[in-house]
Amino acid sequence: MSGKIIRIIVIISAFAVILYAIVPAVKYRIQKDEIGKGIVNPDFETGDLTGWTKTGNAFDYQPTLGDNIMIRRKDKTNHQRDWWIGGFEKYQGKPGQNPGDEQGDQPTGTLTSSPFVIKTDRIAFLIGGGRHPWVEPDGKGSCCVNLVIDGKVVKTATGPDHETMNRYIWNVSKFKGKKAVIQVVDKHSGGWGHVNFDDVFQTTRWHTEKGDLIVYLWAGVLLLMVALVKRK
Ligand SMILES: [Ca+2]
């Protein structure tokens, strides 16, 4: 292959890599007004389950208030602001309750968000608690958080058998425009039979992968410079 053809291939590749990095940033600018819209009470900061529908009794004492796990053990919950879903907890700041009170792993049930239209590429949330993956068809034995479209589970996530919540991100680009709900499922009564959950929102690749995309951008620019530098 001649040097000229190789150079053309490198230039095309460099532009492809640069576009791969830039397109999410441009899309983010266009979608900015839509981000975070749609899910009612996405972080439970109303202090109750406004916007969410519960079945069973697993979520009777939810949301819970503050890092009351710290009273019992060393795990930090990493919850957002004041209120969060802590499936093991039984503390809502009400008379007769104390921080660190627990309802345990026995109760089961589900918690379903208000329906929303998927408008961005990613859905992000905090999740902790039991690692009991979703089991078709009805989730028996599961402890997880699902994205449900037309009654079908299309994305699912579990905690790591640890109380601390971590940020989890779903790629939902292929579901854009679809109506969906988020469902928190607790159908496990044994060890780690509870879900911790908080702060769900729609977001973009630019928000969640900005660091990686900037690396791609620089790689593309470097490749272009190498291809365009004049040989002696
Ligand atoms: Ca919260």
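Visitor: Which residue stands opposite Q202 in β11?

Guide: I123 does. Keep in mind that this is a predicted model.

Visitor: How many bridges join β6 to β11, and in what sense do they run?

Guide: Seven bridges join them, and the two strands run antiparallel. β6 covers residues 122-129. β11 covers residues 195-203.

Visitor: What is the strand order in the open sheet?

Guide: It goes β2-β3-β11-β6-β9, five strands with antiparallel pairing.

Visitor: Which strands stand at the edges?

Guide: β2 and β9, the latter being 162-171. Each has a single partner strand, so one side of each lacks a neighbour in the sheet.

Visitor: Take β3 then. How does β3 pair with β11?

Guide: Antiparallel, over two bridges. I85 stands opposite F197 in β11.

Visitor: And with β2?

Guide: Two bridges again, in the antiparallel sense.

Visitor: Which way do the β3 side chains point?

Guide: W83 and I85 point one way, W84 and G86 the other. In a regular strand the side chains alternate between the two faces of the sheet.

Visitor: Are those four buried or exposed?

Guide: All are buried.

Visitor: Switching topic. Where does K155 lie?

Guide: In strand β8, residues 152-157.

Visitor: Why is K155 classed as partly exposed?

Guide: K155 has 18 other C-beta atoms within 10 Å. Buried needs 20 or more and exposed 12 or fewer, so K155 falls in between.

Visitor: What is K155 in contact with, beyond its sequence neighbours?

Guide: Leaving aside those within four places in sequence, N146, L147, W170 and V172. K155 and N171 are 16 residues apart in sequence, and their C-alpha atoms are 8.9 Å apart.

Visitor: Now the helices. How do α1 and α4 pack?

Guide: At an angle of about 155°, with their axes 8 Å apart. That makes α1 roughly antiparallel to α4. Their crossing is left-handed.

Visitor: Which residues meet there?

Guide: On the α1 side, they include R7, V10, I11, A14 and V17. On the α4 side, L213, Y216, L217 and G220 are among them.

Visitor: Last one. How is the chain divided into domains?

Guide: Domain 1 is 3-31 + 211-228, and domain 2 is 38-203. α1 is residues 3-31 and α4 is 210-228. The C-alpha centres of the two domains lie 39 Å apart.

Conventions:
Residues numbered from 1 in each chain as written. Predicted model: local features only at pLDDT ≥ 70, side-chain atom pairs only at ≥ 80, totals over all residues. Pairing = 2+ DSSP bridges. Domains from an automatic or database assignment. Contact = placed C-beta atoms within 7 Å. Axes fitted to C-alpha atoms, helices over the stretch in contact; angles between N-to-C directions. Parallel < 35°, antiparallel > 145°, perpendicular 65-115°, else oblique. Left-handed = near helix turned anticlockwise from the far one by under 90°.
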